[in-house]
Amino acid sequence: GTDEKLSYYGTFCEIKDGRIVASIQDPFLKPTDKDTFVYTDSAGQKHTKGVVFPTAALVDEPADRVYVYFGSRDEIIKVCSTSETRLYEQLNHPANRMAA
């Protein structure tokens, strides 16, 4: 997703039969100051944009961890992790379930 400043975010969703049935409302990946780059538009105006985008995920069930590898500023690959149990709890929370 993006915000009004065109910063790019990433979150988790559950897909069943080709439809999104749950989506965590709060972004899992949020750009920080280290994920921001400056660019100049065609009119010569300078802008900043925060960019993170998920590229791969690895589930380590014995350790109860999900590792998400993500791009930062279109230049760097980073990794973060969360508890697999907590991720499923969030996806199953009623506020994150989609209406049928």
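Predicted model: local features only at pLDDT ≥ 70, side-chain atom pairs only at ≥ 80, totals over all residues.
Student: Which element gives the most to the lining of the largest pocket?
Tutor: The lining includes Thr82, Ser83, Arg86, Leu87 and Gln90. Strand 7 (76–83) and helix 1 (84–92) each supply at least two residues of that lining. With three residues, the one that gives the most is helix 1.

Student: By class, how many residues in the lining of the largest pocket are nonpolar, polar and charged?
Tutor: Phe12, Ile24, Pro27, Phe28 and Leu87 are among the lining residues, and they count as nonpolar. Asp26 and Arg86 line the pocket too, and Asp and Arg count as charged. Thr82, Ser83 and Gln90 are also in the lining. By class, that makes five nonpolar, three polar and two charged.

Student: On to charges. How many salt bridges does the structure hold?
Tutor: One of them joins the side chains of Glu14 and Arg97. Another joins Lys78 with Asp35, and Glu75 meets Arg73 in a salt bridge as well. The total for the structure is three.

Student: How many residues apart are Glu14 and Arg97?
Tutor: Their side chains meet in a salt bridge, at 2.7 Å from N to O. The pair links distant parts of the chain, with Glu14 in strand 1 (residues 13–16) and Arg97 in the segment after helix 1.

Student: Is Glu14 buried, partly exposed or exposed?
Tutor: Buried means under 20% relative accessible area and exposed means over 50%. Glu14 has 26% relative accessibility, so it counts as partly exposed. Its partner in the salt bridge, Arg97, is at 33% and therefore also counts as partly exposed. For Glu14, the answer is partly exposed.

Student: Where does Asp35 lie, the partner of Lys78?
Tutor: Lys78 and Asp35 form a salt bridge with their closest N and O atoms 2.8 Å apart. This pair links distant parts of the chain, 43 residues apart, and Lys78 is in strand 7. Asp35 is in the loop between strand 2 (19–23) and strand 3 (36–40).

Student: Why does Asp35 count as buried?
Tutor: The cut-off for buried is under 20% relative accessible area. Lys78 has 24%, so that residue is partly exposed. Asp35 counts as buried because its relative accessibility is 3%.

Student: What is the relative accessible area of Glu75?
Tutor: Glu75 meets Arg73 in a salt bridge, at 3.6 Å from N to O. Exposed means over 50%. Glu75 is exposed because its relative accessible area is 59%.

Student: Now the surface. How much accessible area does the nonpolar patch have?
Tutor: The patch is formed by Leu58, Tyr69, Ile77 and Val79. Leu58 is in strand 5 (residues 52–60), and at 44% relative accessibility it counts as partly exposed. Ile77 is in strand 7 and is exposed, with 59%. Together, the four have about 370 Å².

Student: How far apart are the C-alpha atoms of Thr55 and Tyr69?
Tutor: Thr55 is in strand 5 and is partly exposed, at 45%. Along the chain, Thr55 and Tyr69 are 14 residues apart. Their C-alpha atoms are separated by 5.7 Å.

Student: What is phi of Asp17 near?
Tutor: Asp17 lies in the loop between strand 1 and strand 2, and at 74% relative accessibility it counts as exposed. Its phi has a positive value, in a residue other than glycine. That value is near 55°.

Student: Where does Asp64 lie?
Tutor: Asp64 also has a positive phi near 55°. At 25% relative accessibility, Asp64 counts as partly exposed. Its place is the loop between strand 5 and strand 6 (65–72).

Technical notes. Residues numbered from 1 in each chain as written. Heavy atoms only, no water. Patch = residues over 30% accessible without salt bridge, like charges linked within 9 Å, V, L, I, M, F, W, Y side chains within 5 Å. Areas by Shrake-Rupley, 256 points an atom, 1.4 Å probe, with all protein chains shown as cover. Helix = DSSP H or I, 4+ residues; strand = E, 2+ residues; numbered from the N terminus. Buried < 20%, exposed > 50% of the residue type's maximum accessible area, 1.4 Å probe, protein only. 1 Å grid on protein atoms, 1.4 Å probe; cavity = no way out; pocket = protein on both sides within 12 Å on 5 of 7 lines; lining within 4 Å.
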